[in-house]
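Let's take a friendly walk through this assembly, from the relation of its chains to the contact they share and on to a few details inside one chain.

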There are 2 protein chains.
Amino acid sequence: MKLLIIGGVAGGASAATRARRLSETAEIVMFERGPDVSFANCGLPYHIGGEIKDRNKLLVTTPAKLHERFNLDVRVRSSVLAIDRTQKTVHVRELNTGREYDESYDKLILAPGAAPLRPSLPGIDLPGIHTLRNLPDMDRIKAIVDAGAKSAIVIGAGFIGLEMVENLIHRGVQTTVVELQDQVLPPLDREMTTPLAEVLAAKAKGVTLLLSESAEGFESADEEIVVQLKSGKRLQAPLVILGIGVKPENQLAIAAGLEVGPRGGIRVNEQLQTSDPDIYAVGDAIEVRDVISDSPTQVPLAGPANRQGRLAADHIFGKQVRYRGTQGTAIVGLFGKTAALTGASEKSLQRSGIPYRMVYIHPAHHAGYYPGAQAMALKLLFTPDDGRILGAQAVGGEGVDKRIDVIAVAIQAKMTVFDLEEVELAYSPQFGSAKDPVNMAGFVAANLLRGDHPQIDVAAYEKLAGDDQPFLLDVRTADEFNAGHIPGATNISIDVLRAHLDELPRGRDIVAYCQVGQRGYLATRILLQAGFRVRNLSGGYKTYLLWHPAEAK
Amino acid sequence: MKLLIIGGVAGGASAATRARRLSETAEIVMFERGPDVSFANCGLPYHIGGEIKDRNKLLVTTPAKLHERFNLDVRVRSSVLAIDRTQKTVHVRELNTGREYDESYDKLILAPGAAPLRPSLPGIDLPGIHTLRNLPDMDRIKAIVDAGAKSAIVIGAGFIGLEMVENLIHRGVQTTVVELQDQVLPPLDREMTTPLAEVLAAKAKGVTLLLSESAEGFESADEEIVVQLKSGKRLQAPLVILGIGVKPENQLAIAAGLEVGPRGGIRVNEQLQTSDPDIYAVGDAIEVRDVISDSPTQVPLAGPANRQGRLAADHIFGKQVRYRGTQGTAIVGLFGKTAALTGASEKSLQRSGIPYRMVYIHPAHHAGYYPGAQAMALKLLFTPDDGRILGAQAVGGEGVDKRIDVIAVAIQAKMTVFDLEEVELAYSPQFGSAKDPVNMAGFVAANLLRGDHPQIDVAAYEKLAGDDQPFLLDVRTADEFNAGHIPGATNISIDVLRAHLDELPRGRDIVAYCQVGQRGYLATRILLQAGFRVRNLSGGYKTYLLWHPAEAK
């Protein structure tokens with residue numbers, strides 16, 4: 001068996017080492033265009049920011065070590081220019097020497113990754129406009145910061161964009177973020193990103209956030225870059241970083257006549273085989289199945305890439321494998337805040353036309369009576385009929401990662417919100433609550449589906465108007481009400497509600513709310529049993545403020 | 001509907017509030033023998049230790065608030081003396097006044113909890129010997145510490161015992177822990193508790209740990225307590241705390257002729273009904289089904305108690321419910337270390353006669369290249385045939401809670417180790433790894449079951465002797481080997497192993513090991529394919545050191 005692997009980072013390196021463990025006799029050659037293999041690409045922003053001080057820490061291994069330990073033939077600075085599927089050879093150029101040669105294969109694994117998008121805008125190729133994919137990219141950006149850059153412009157407020165903002169600010173670089181959409185972190189639903197936008201704006205961090213804005217061109221001026229924005233605004237800085245997404249490296253596959261999807265991802269079956277069964281493809285370059293929508297998608301994440309590399313090697317060496325698809329679990333830390341998601345977002349469900357229900361909760365990450373409890377907002381999406389979990393998003397501080405990971409497993413297991421009610425998580429006051437946020441989300445969602453707890457979400461409430469406008473009942477204390485409430489609300493505290501039922505309208509819809517939804521739930525139960533038509537505003541005033549942050553005091 | 005609830009803490013209070021949400025018209029009376037309802041019993045040690053400064057924080061709610069908000073009739077300092085099942089009444093004594101009266105019920109929920117064990121030893125009732133169950137207990141212990149106690153003796157190194165040790169040390173109280181078993185935290189397997197024993201012994205914290213030791217009697221001396229130990233040793237301190245377990249409060253149930261199990265837990269069906277269908281029982285007083293062994297057990301934990309209270313109320317008000325049993329997820333923090341478990345331990349599987357396989361891994365809690373990665377030891381137990389997860393234990397620092405919670409859900413979903421390979425958790429370098437510890441555990445276990453990665457655990461290895469004694473191969477570097485190795489090992493580094501195969505014995509079993517198991521795995525693959533009979537020592541030298549901590553340098 002002669003196995004060639006194109007690409008030496010996550011998926012490629014995983015495939016190579018797995019292949020060697022499965023076969024001591026296989027000839028395994030790994031080609032990598034760049035100078036490094038198996039580097040920690042998720043760590044690049046943190047070396048620029050100084051959090052990871054030692055650059056060598058990013059080199060998980062080296063070609064020499066891979067040869068010594070795994071008997072791999074690793075060829076860096078080697079670009080594969082073409083695949084001859086008939087001859088079963090690849091044509092390789094050594095970038096350092098210019099030498100070109102053919103190498104034959106029995107099986108071939110494509111793990112070329114994805115390239116940062118560089119839109120064709122005027123001036124896009126000016127020096128000073130950077131993307132961040134590998135160590136040389138990182139070195140160039142870091143050199144500019146090290147040289148004393150005082151400002152930077154980050155185009156795109158996705159995962160990498162936000163990580164760059166945090167790290168540039170850590171280095172004292174005033175940073176402007178330009179994002180096309182009307183929110184940061186577009187994979188999340190907009191309201192869930194409010195705490196991130198707030199932390200960017202807060203405390204004079206030195207960040208300027210420009211939403212619904214985009215770059216239209218770039219010019220040189222005073223050895224800096226001027227960014228011409230769509231709004232007419234012009235920004236200038238010595239450093240511009242593009243973080244607007246990636247596109248699959250599919251040229252080699254296309255040239256070889258392999259199928260690619262509409263968004264460019266190399267098509268593979270559940271065994272990671274391309275349309276040529278002797279050629280596998282893994283990692284950011286491929287199209288994968290979204291496990292929620294069951295439709296093709298592209299998810300450039302390290303975990304799935306590693307997994308795919310492993311499975312491709314397994315299949316080549318005769319094992320039965322099946323890649324289950326990707327559910328897109330992802331996370332970002334931003335100035336002490338954490339945002340994470342798993343499965344589908346509300347907008348992705350809408351795009352896919354999948355029916356859903358949802359609830360919001362605002363639990364503390366551990367027992368409230370123990371010092372240091374941090375708030376989080378958690379949004380849970382599930383099917384309207386059987387309550388199967390479709391997705392979750394959380395934003396807050398500590399403990400966000402844990403709850404998203406727990407729900408990620410629940411999604412994998414096709415669990416329902418009724419199962420979440422029963423989840424038994426580790427509780428002592430510094431680690432969680434007797435009723436964990438995951439249980440609470442299950443309770444609220446299950447009560448909704450059982451019909452015990454009719455709920456309406458903020459967006460749906462705000463679409464009601466005219467005759468449909470419900471009576472809005474704030475059941476918090478007068479102090480809470482006076483500190484800020486939803487326009488048009490009437491305040492009757494939950495603790496006196498039973499005595500004031502005659503002040504509520506019969507024959508008209510009522511929406512009750514409190515701070516986070518708990519008292520509103522009790523109010524809803526009281527009113528339902530008294531014959532009123534009532535729904536609780538899911539997640540209460542805190543969720544309202546996610547939609548209307550300007551109204552927060 | 002007239003519903004009486006006996007006991008006003010976790011299970012009782014959950015049942016009462018749930019019942020009210022389900023019915024505005026029910027008459028709901030909750031009797032509590034103590035002065036407080038719904039207090040945070042898991043927080044008691046942390047108020048003594050000063051971590052939770054405000055005692056009021058422990059009072060989640062008050063009788064007055066429960067009356068106001070939930071229209072509950074809460075009667076504290078009210079002891080229910082008897083149940084008349086024929087008349088459907090309970091006989092109540094007001095402890096403050098001595099007044100006695102009967103109260104009728106349609107449905108009755110028993111939530112009396114469990115009482116700390118007080119073994120019948122000479123002097124057990126001396127003042128100065130305390131248990132910790134409620135706020136008055138806490139106040140008494142705290143008063144002794146506040147008064148300047150310099151030393152204390154904690155009998156029992158279980159969850160509460162260890163939490164008391166930590167909090168007493170925080171207060172500057174020299175503490176001796178006396179534990180009957182040869183390990184701390186008996187619910188865990190012994191080797192997994194080594195890091196806890198080390199942290200107790202380390203850094204002159206002021207803790208003395210006496211294992212395989214027990215109290216045989218107590219005497220008064222100099223206004224202090226002298227504890228007579230089985231070994232003949234005598235300890236003296238002004239404060240002795242018993243933390244040796246709890247027993248169900250079943251007297252009322254037994255007197256009423258309700259069934260109890262062999263260990264005293266009140267018998268209930270899946271709807272939480274006792275042998276009298278009008279009487280429910282929930283919380284620490286009941287016998288539950290262990291979801292792993294499917295046998296009756298008793299698990300005094302807050303989460304299950306709350307859940308049971310909720311379900312009992314649901315069933316009373318006509319909902320279909322089924323309590324799935326308890327899997328015993330639990331956690332403890334001890335001087336910055338964390339230990340947690342879910343599902344079965346190895347010893348509980350042995351007790352139940354359930355066949356199992358297991359693996360050990362020693363991952364970092366997040367990417368090793370990002371600063372601050374903390375080590376953990378993780379033990380995963382699963383069925384030998386289909387790999388269904390039976391239990392997990394982890395000990396380390398940060399991130400232990402997350403991995404145990406993730407595996408807890410996997411157990412609930414009846415997932416296998418093959419599923420753990422595929423788990424998609426949130427990864428960025430400060431939160432996890434592209435191959436999360438949970439994935440790693442899945443890989444190692446799945447490779448074992450697939451036959452690709454034969455493994456032997458330390459305990460099994462050490463039982464081999466004489467002719468069965470395998471050739472022991474240490475594949476770490478010479479430096480690592482010289483810094484400490486397993487007696488009898490031969491050192492051949494993994495990186496030169498392929499060139500030294502002729503130095504290894506054919507026809508004799510080989511056990512390979514490295515530091516954590518990863519290089520040992522590769523060595524095993526190399527040797528297997530070269531025709532040797534070889535197994536990898538699961539978890540490597542780090543696991544060996546869990547068994548032999550004295551050999552650690």
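## Two chains and their contact

The same surface serves both copies, as 100% of the contact residues of chain B recur in chain A; contact here means heavy atoms within 4.5 Å.

As a predicted model, it is read with some limits: local features need pLDDT of at least 70, side-chain atom pairs count only at pLDDT 80 or more, and totals for chains, interfaces and linings use all residues, while side-chain values use heavy atoms, with hydrogens and water left out. Residues are numbered from 1 along each chain as its sequence is written, and chains are lettered from A in the order in which they are written.

Here is the interface of chain B and chain A in brief.

| Item | Value |
|---|---|
| Contact residues, chain B and chain A | 79 residues and 79 residues |
| Buried area | about 7,200 Å² |
| Salt bridges | 16 |
| Polar contacts | 40 residue pairs, both at pLDDT 80 or more |

Buried area is the accessible area (1.4 Å probe) that two parts lose on being put together, summed over both. Carbon and sulfur atoms give 54% of it. On the chain B side, B:R69, B:Y369 and B:E424 lose the most area to chain A, together 11% of what that side buries.

A salt bridge pairs a side-chain nitrogen of Lys or Arg with a carboxyl oxygen of Asp or Glu within 4 Å. One example joins B:R310 to A:E421, with the closest N and O atoms 3.5 Å apart. A polar contact is a pair of N or O atoms within 3.5 Å; within protein, one must be able to donate a hydrogen and the other to accept it, and residues adjacent in sequence count only if both atoms are side-chain atoms.

Within chain A, an automatic or database assignment gives domain 1 (2–114 + 247–316), domain 2 (129–244), domain 3 (336–450) and domain 4 (455–551). The centres of domain 1 and domain 3 of chain A, taken over C-alpha atoms, are 35 Å apart.
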